[in-house]
Amino acid sequence: MTNVTTVIAECDAGISNRVRALMFFMYYTQWKYNGAKLKFVWDVNDACPGRFLDLFSPLPHVEFISSVEARQLETSPGVLRFRNTYKTVHQLTSHFKTPVGDKGILHRYLPDIALTTRVLRQVEAFVREHNICGACSTHVRRTDLKAQLAEGRSETYMTLFGAIEKHCSGMPVFLATDNAETQRIFLRHYEHDHVVVPRAFVFRMIDGEKAAATIASGTVSSEFRHTDLETSIIDLYILSYAKHFRETMHSSYSEWARWLHHRQAKLPSICEAKP
């Protein structure tokens, strides 16, 4: 197809991998069909329980649509549709043989992913209130990580505590996690006055036997994380303001936080500025 005016792409993975797929197709549409419009399918599901435009500013040349709308549009003249993909950006760049690699695409388009003013104000208010600029931050992914990694590739808590204490001795620790048990372990290890947590798990997190029964009944999927999307994104940006950041290996969410942390280090500290 040569006269492509619209590219439809989709990814129904979690927020981090979905945004990565979005950035790839932003690049691909510009590279292959310069001037075409990208319509990106963004359906709300267990993996990503929220909409892009509820949290982030609109993107130039990108329109977010539903899978129903995509089916209605796919037979129109000039429309090229790519079906749902779970491929990583690295796999996509290899498959499509793009001249720019995955890291180049991420660094080119991540700056375009900007919070709405409403969400940014929540992040900055929390950062100032808890002086996150002088804290250590860490992301600990546990809800679905072990199921996706070979035995022995997931860090133990003691390894993580050792790394934090080596680089952040005496600092408060901001914890972003998808798992209530992880939060309890951190609070027991460091004591409550040393750990900053953004909230109790009051969203979709259910503990103990009730959780097993609920998951078995199909009410909550055990496959996905149990914090809502807005909370996850607020946590993501709070992580970036800390003096030191410790990531979880093999997590695209942690990699996103690391990129934000690297960028934030080059900007004036909001903790030193007046609200």
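Analyst: Glu10, Glu74, Arg81 and Arg83 are linked in a network of salt bridges. The model is a predicted one. A search of the whole structure gives 7 salt bridges. Side chains of opposite charge can pair when their charged atoms come close.

Next, the pairs, one by one.

Take Arg20 and Glu255. They form a salt bridge, with the closest N and O atoms 2.5 Å apart. Arg20 sits in helix H1 (residues 15–32) and Glu255 in helix H12 (residues 252–264), so this pair ties together parts that are 235 residues apart in sequence. How exposed are the two partners? Arg20 is buried, at a relative accessible area of 17%. The cut-off for buried is under 20% relative accessible area. Glu255 is partly exposed, at 29%.

A second pair joins two strands. Glu63 and Lys39 meet through their side chains in a salt bridge, 2.5 Å from N to O. Glu63 belongs to strand S3 (residues 62–65) and Lys39 to strand S2 (residues 37–41), so the bridge ties together parts that are 24 residues apart in sequence. Here the Lys side is the buried one: Lys39 has a relative accessible area of 14%. Glu63 is partly exposed, with 32%.

The side chains of Glu247 and Arg258 meet at 3.3 Å, N to O. Arg258 counts as partly exposed, at 42% relative accessibility.

The axes of helix H4 (residues 89–96) and helix H5 (residues 102–109) come within 8 Å. They cross at roughly 115 degrees. The crossing of H4 past H5 is right-handed. On the H4 side, the contact involves Val89, His90 and Thr93. On the H5 side, Asp102, Ile105 and Leu106 meet them. By class, the residues of this contact divide into 3 nonpolar, 2 polar and 1 charged.

Definitions and conventions
Residues are numbered from 1 along each chain as its sequence is written. This is a predicted model: local features need pLDDT of at least 70, side-chain atom pairs count only at pLDDT 80 or more; totals for chains, interfaces and linings use all residues. Side-chain values use heavy atoms; hydrogens and water are left out. A salt bridge is a side-chain nitrogen of Lys or Arg within 4 Å of a carboxyl oxygen of Asp or Glu. Helices (H or I, at least four residues) and strands (E, at least two) are DSSP runs, numbered from the N terminus. Buried means under 20% relative accessible area, exposed over 50%, partly exposed in between (1.4 Å probe, protein chains only). Axes are lines fitted to C-alpha atoms, for helices over the stretch in contact, and angles run from 0 to 180 degrees between N-to-C directions. A crossing is left-handed if the near helix is turned anticlockwise from the far one by less than a right angle, and right-handed if clockwise. Contact means heavy atoms within 4.5 Å. Ala, Val, Leu, Ile, Met, Phe, Trp, Tyr, Cys and Pro count as nonpolar, Asp, Glu, Lys and Arg as charged, and the others, Gly among them, as polar.
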